Amino acid sequence: MAAGTLVSSGTSANIPTGSGSERLRRATINGLNADTQEILSGTAGHIYTIISIIFCDMQEAAGSISIKLNDGSNDIQLLSEASHASKGTFVWNDRFVMEEDDDLDVYNSVTAGDWIVSYIDQDWT
């Protein structure tokens, strides 16, 4: 098996050093039509803890979904081509952290998919 590339984070440039704020937030996509779309984009001075990602099939057809994180230079697959039932709902509730160069992208194969991401936004600006 070929070795992967380890990409570490937490350099001194993005570790909080003062007071900041922490807010519960959400991001949504309504009616994603068989496509990939960015649902959350990292911002300088922010650290995001993803709490959950929910997908709901609104087309009433079985299909597949994918979730990936772009770390600024690499697409990291978190969920790849997972099947869902007609009128199905999928819940991802494994927590992970996003930083300022990260983007969260979602994909669904059906012509009408709704997405919601719940997250904690730590703002150190």
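From the N terminus on, the protein chain runs β-β-β-β-β-β-β-β-β, and its secondary structure amounts to zero helices and nine strands. Helices (H or I, at least four residues) and strands (E, at least two) are DSSP runs, numbered from the N terminus. The model is predicted: local features need pLDDT of at least 70, side-chain atom pairs count only at pLDDT 80 or more, and totals for chains, interfaces and linings use all residues. Residues are numbered from 1 along each chain as its sequence is written, and side-chain values use heavy atoms, with hydrogens and water left out.

Of the 125 residues in the protein chain, 35% are buried; buried means under 20% relative accessible area, exposed over 50%, and partly exposed in between (1.4 Å probe, protein chains only). Among contacts with a separation of 6 or more, 82% come from residues 24 or more positions apart, where contact means heavy atoms within 4.5 Å.

The sheet may be considered next. Four strands form an open sheet in the order β2-β8-β4-β5, with antiparallel pairing. β2 (36-41) and β5 (75-84) stand at the edges with a single partner strand each, so one side of each is left without a neighbour in the sheet. The twist averages 20° from one strand to the next; axes are lines fitted to C-alpha atoms, for helices over the stretch in contact, and angles run from 0 to 180 degrees between N-to-C directions. Two strands are taken to pair if DSSP finds at least two bridges between them.

Strand β4 (residues 63-70) pairs with β5 in the antiparallel sense over seven bridges, and six bridges join β4 to β8, again antiparallel. Residue I67 illustrates both pairings: its bridge partner in β5 is L79, and in β8 I67 stands opposite V106. β4 and β5 form a hairpin with four residues between them, and G72 in the turn has a positive phi of about 105°. β4 is mostly covered, with seven of its eight residues buried.

S66 is found in strand β4 and is buried, at a relative accessible area of 11%. The side chain of S66 reaches the backbone nitrogen of E81 at 2.9 Å. Leaving aside neighbours within four places in sequence, S66 is in contact with L79, S80, E81, D105, V106, Y107 and W115.

The largest nonpolar core has 23 residues, and those with the most contacts inside it are I39, I50, I53, L104 and W115. Such a core is a set of buried Ala, Val, Leu, Ile, Met, Phe, Trp, Tyr and Cys residues joined through side-chain atoms within 4.5 Å. The elements giving two or more residues to this core are β1, β2, β3 (46-57), β4, β5, β7 (96-98), β8 (103-108) and β9. β3 gives the most, with four residues.

Charged side chains complete the description. Side chains of opposite charge can pair when their charged atoms come close. A salt bridge is a side-chain nitrogen of Lys or Arg within 4 Å of a carboxyl oxygen of Asp or Glu, and by this rule the count comes to two. In one, the side chains of R25 and D121 meet (3.5 Å, N to O). This pair links distant parts of the chain, with R25 in strand β1 (residues 21-32) and D121 in strand β9 (residues 113-123), 96 residues apart. R25 is partly exposed, with a relative accessible area of 35%, whereas D121 is buried at 5%. In the other, the side chains of D75 and K68 meet (3.5 Å, N to O); D75 is partly exposed at 42% relative accessibility.

Terms used: Polar contact = N/O pair within 3.5 Å; in protein donor to acceptor, adjacent residues only side chain to side chain.
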